[in-house]
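This report describes selected local features of the structure shown below.

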Amino acid sequence: MAECHPVGFQWVMEAKARGAKVIHVDPRFTRTSALADLHVPLRAGSDIAFLGGIINHVLSTGAYFRDYVVAYTNGPVVLREDFRDTEDLDGVFSGLDAGQRTYDNSSWQYEGTEVQAASGERDQEYDKRTGGGSSVSAAGRGEAHGSGGAVIGEGEIERDETMTHPRCVFQVLKRHYARYTPEMVERICGVPQDVFRRVCELITENSGRERTTAFAYAVGWTQHTVGVQYIRAAAVLQSLLGNIGRPGGGILALRGHASIQGSTDIPTLFNLLPGYIPMPHAHKNEDLDAFVQAEAAHKGYWGNMRSYLVSLLKAYWGDAARAENDFCFDYLPRLTGSHSTYETVLAQLEGVCKGYFLMGENPAVGSANARMQRLGMAKLDWLVVRDFSLIESATWWKNGPEIDSGELRTEDIGTEVFFLPAAAHTEKDGSFTNTQRLLQWHHQAVEPPGEARSDLWFTFHLGRIVRQKLAGSADPMDRPVLDLAWDYPTKGTLAEPEAEAVLAEINGHDAEGEPLASYEQLRPDGSTVCGCWIYCGVRADGVNQAARRKPGGEQNWVANEWGWAWPANRRILYNRASADPDGRPWSARKALVWWDEAKGEWTGHDIADFKKDKAPGHRPPKDATGPEALSGTDPFVMQADGKAWLYVPSGLTDGPLPAHYEPQESPFPNLLYEQQRNPVRQVMPSRPDNRYQPSGGEPGSEVFPYVATTYRLTEHHTAGGMSRWLPYLAELQPEFFCEVSPELAAERGLEHTGWATIVSARGVIEARVLVTDRVPPLTVHGRTLHQVGLPYHWGPSGYSTGDAANELVHLSLDPNTHIQETKAFAVDIRPGRRPRGPAARELVRAYQARAGIDDHTGTEP
Amino acid sequence: MSEGDTTAVSATGGEPPPSGNLLSGPQPNVAGAAGYPDAPPRVGFFTDTSVCIGCKACEVACKEWNAVPEDGLELTGMSYDNTQGLGADTWRHVAFIEQRLPETGREPGGGHEGFDAFEAARNLGTSPSPSPSPSPDGAISPVSPDGRTELRWLMSSDVCKHCTHAGCLDVCPTGALFRTEFGTVVVQADVCNGCGYCVPACPYGVIDQRKEDGRVWKCTLCYDRLGVGMEPACAKSCPTDSIQFGPLEELRARAAARVAQLHAAGVTEARLYGESPQDGVGGDGAFFLLLDEPEVYGLPPDPVVTTRDLPAMWRHAAVAAVSLAALGVASFAGRRR
């Protein structure tokens, strides 16, 4: 966190100054470790074993927060009789179709409820839920729950408040994690048992009624073939300890860019509409009602999805969106499958995808298997790059590694590349949404230089010109573009659109044009307009609430007059859980919101994330739906049952409970189960550019004996577009380097500040060598394991240059989110510089041959 | 210290009268001694290295504000320190000291029993944080895979010390180096003639000549920012308040409290460097809290202003001159005989 989020780390230091203990779990000793009370190095890719070990400790020692677990989690819920855990099936859950690499999750459901599919395949249930229509191939929708849990089936849930029923979630959890012992943690993760026990003690001592513990993870946690299950494991642990919805608790995703939270809230993702409304699939004759029927939840705030969606359609198409034309629901594009970034690259290679916009992204360096990214771009008709500098993604056609190796010749590349300089955040108005869901407005300080323009300017004027060109067209295909409400006021000589007008549209207004204050005001009849329902209220009273900057010293410690947080300016999500079922704070020192019996409302330091006048004793009538179906003790209001999920009956493609699987490529067999890898991980078609390596005990795995992990340095930003071109930053970390232990250096003859060549089945790179104790060897499976650290900022262009670590990485993805496994893979390392020209590919092919790699290797379920 | 405070304190004025010795020893009123009758309180930096996270924001902010040129792209292999040291083109330098240490068995940090974080949060910014009580339950096991020793990674942001008795200033023949009303030491680039006398005169090796133009450059403690009531760029950018700016007296008090807090928490190696008016330079305007001997950080253990002996030297020279003169007189007298 100190390494990648130094500004946010000030609050960790603040907590530390007030007595908090800081534990840092990381393969490397980083700037965070230097300031932590305890650094725990572990093998990259073994986190679920580590977290599972803590869960086992919590369950077996009784250190969980029982009252919280019984009241606010699904621990007491009884599961169906036909559910089979990894305990029963040696590492897989019931419902696995190994051939199709999918789970049928019907057996994962609660006893007494109807079947509900995993989010990724939720659309497969379309037929059943709507009574017609054809189904198309699935598109993962892990992100679809950024604002709450997945839908569960209707029906009466069976509960056992004593949590002793053998089929209740709590008992299943206990059995599932019983094998995650400290001995196992030591053997799998390389964490000595005394250190592991100390971590368990520190966390449990600091959790419960009086104390809370927070987990913070950099999004590296998501970059695994079991990435979502990493986060789930933390969620299980925090729910057991009662650390969710309470001050000082939570799981904090330290996101990789200034507003990446904002870009999932108002998404740049293929499968989402603003506010986490799913993107519709291509069904025949699917209308708005059928879509809502298929996607909306029965209980909780997702029950109002129609209001959110209709208000969004009104924002998109304005007066053209009317009840009689389904509010232009037909105008929305439809998914025909997964169109994630890596599948788009495959589509480029196949000649299907012909045009590409890259706005502030440098995949030629920053995406896994960077070589495939470049080869894909070389097949395009056109490519638009908007960035500050001529990044590698704009120049691969003249100086990329494939030009050097002779595989591509500039004169043969047909891609027309347009480079358009972009304005920096200081050169435009706008907002950042941070990981705390906090929107902070920034005002323009200076005009952008030269031809640089903001993304808003580019998008608005591009749309304006496209509409001009299509004007008068009778082709119904052009109607969605021509009918758009695309009239933003502009200012200045550059005709910059008013960012605050966009904010006003996002916030929404009523039929009279008055700004809305809350998403509870949204209506399904087209009388309200709102660009993103969860942001409704950011411009309440016509005031830009995100621009508020009242100093912390002039308000209470929650500081909710600084910026604005979604939803409804609540600073801690699900904070009803900070009070006990009767509405009293669990403890005085951890009081946040509570029920005021005299006033008949929720009150406290934060804004209650609960219906203000819903009493703790409220029990909904049997036929209630939507938010009305939540009881006074259902704090997790976005969840379909109002509870925190220790067990996930629906919403995930790869299992209801986190289980340790080895990474796609690992020098070790899975000690916990027969099943080596996540059986439903997303494996791309094996192409010569994307060969997988043998793992575990397979012959050939010894060719790649070291675990590698990629990461960022404080001095640079992601793929370097914002840092490698700047002399002041480039001089601080001037060259690509790898970090190895003195022991590995001795084993492979690597010299400090000399050169090393690093090889995988995908590529070969060279790096300067930093020999350091900060990347210690670990004892894993009873033998010494060396790890290789690779910062991934560099590429061949810019002021500071170097090879890209992403040349080494394969495309085996998390099946929920389609995120690559950059944080744990296997490599070989040798002294000296890499070969030049065609010899570089020859070396990779020689390694493939030595390891016996073919198109089948590593693709087994 | 927040922006605007320098102007606020300047109104209060009121420094003690300057002491007689201008070349060494304690000097409670440096600006007064330099001829400012109503100087604002002396300001400086307190760099608390125990909370430095090595982000180098200070280095970048300094260069941005002062338009200091880039200083060369070289991977040094000295941990994450590719800056190497202070120089004409580097006015802030973050050192990274990566070391194996014998295991101490001591628990770093401290516990928080009986401590109300929310009460503290309410008082944040209005009262100093109370020192945490030691943890009741044993030590955190230091990480020692394979019988390794404990690893330590010290980070520290170095800067010009703005000495009470500044050798550089004393030897400058052109007046390019001068003492400001804030008690800081600044080079005027348009006056410097590049003689370089100041370079060997600095006991810390801070001031340096730029090869291209021969003139000398160093930290100005953002003199231009101080003049309009802003804090220096490095302190402004420091996310953890490792670099604190303010009136020197206030910083010294704060530093003493911080050392006491760390000692109470068991960090007995915490010590101040450059804060004492009794030291060889009469105390630094920019002083440090270190977690080891100064040499570990590349700082001289006992710096002495190079002009300290100047009066004695002049006295010796005078004695010598008188002796010579006497000798000459004597020889003439002798001749006459």
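This is a predicted model: local features need pLDDT of at least 70, side-chain atom pairs count only at pLDDT 80 or more; totals for chains, interfaces and linings use all residues.

The peptide bond that joins W566(A) and P567(A) is cis, with omega about -5°.

A495(A) is a further residue other than glycine with a positive phi, here near 55°. A495(A) is found in the loop between β14 (490–491) and β15 (496–497) of chain A. Because 13 C-beta neighbours lie inside 10 Å, A495(A) is counted as partly exposed.

## A hairpin in chain A

Strands β12 (residues 430–433) and β13 (residues 438–442) of chain A pair in the antiparallel sense, and four bridges connect them. Within this pairing, S431(A) has W441(A) in β13(A) as its bridge partner. Four residues lie between the strands of the hairpin, in which R437(A) adopts a positive phi near 70°.

Is strand β20 (residues 706–711) of chain A largely enclosed or largely open? Five of its six residues are buried, so β20(A) is largely enclosed by the rest of the structure.

β20(A) pairs with strand β28 (residues 825–831) of chain A in the antiparallel sense, over three bridges. In that pairing, Y706(A) stands opposite V827(A) of β28(A). β20(A) also runs parallel to strand β26 (residues 787–791) of chain A, and five bridges join the two. Here A708(A) is placed opposite V788(A) of β26(A).

## Packing of helix α3 in chain A

Helix α3 (residues 47–61) and helix α9 (residues 193–205) of chain A have axes that come within 10 Å and cross at roughly 60°. The two helices α3(A) and α9(A) are therefore oblique to each other, and α3(A) passes α9(A) in a right-handed crossing. On the side of α3(A), the contact involves G53(A), I54(A), H57(A) and V58(A), which meet F196(A), V199(A), C200(A), I203(A) and T204(A) of α9(A). This contact of α3(A) with α9(A) contains six nonpolar and three polar residues, and no charged ones.

α3(A) also packs against helix α7 (residues 169–177) of chain A, at an angle of about 125° and with the axes 9 Å apart. Accordingly, α3(A) and α7(A) are oblique to each other, and the crossing of α3(A) past α7(A) is left-handed. G52(A), I55(A), N56(A) and L59(A) of α3(A) meet L173(A), K174(A) and Y177(A) of α7(A). By class, the residues of the contact of α3(A) with α7(A) comprise four nonpolar, two polar and one charged.

## An open mixed sheet in chain B

In chain B, four strands form an open sheet with mixed pairing, in the order β8-β1-β10-β9.

Strand β1 (residues 43–48) and strand β10 (residues 286–290) of chain B pair in the parallel sense over four bridges. F46(B) has F287(B) in β10(B) as its bridge partner. Helix α9 (residues 248–264) of chain B lies across β1, β8, β9 and β10 of chain B, and runs at about 135° to β8(B).

S157(B) belongs to strand β3 (residues 150–159) of chain B. With 26 other C-beta atoms within 10 Å, S157(B) is buried.

Which residues does S157(B) touch, not counting residues up to four places away in sequence? S157(B) touches T47(B), C52(B), C58(B), R92(B), V94(B), S242(B) and I243(B). One of these, C58(B), is 99 residues from S157(B) in sequence, while the C-alpha to C-alpha distance is 7.8 Å.

Note on methods
Residues are numbered from 1 along each chain as its sequence is written. Chains are lettered from A and ligands numbered from 1 in the order in which they are written. A residue is buried if 20 or more other C-beta atoms lie within 10 Å of its own, exposed if 12 or fewer, and partly exposed in between; C-beta atoms are placed from the backbone. Two residues are in contact if their C-beta atoms, placed from the backbone, lie within 7 Å. Two strands pair if DSSP finds at least two bridges between them. Axes are lines fitted to C-alpha atoms, for helices over the stretch in contact, and angles run from 0 to 180 degrees between N-to-C directions. Angles under 35 degrees count as roughly parallel, over 145 as roughly antiparallel, 65 to 115 as roughly perpendicular and the rest as oblique. A crossing is left-handed if the near helix is turned anticlockwise from the far one by less than a right angle, and right-handed if clockwise. Ala, Val, Leu, Ile, Met, Phe, Trp, Tyr, Cys and Pro count as nonpolar, Asp, Glu, Lys and Arg as charged, and the others, Gly among them, as polar.
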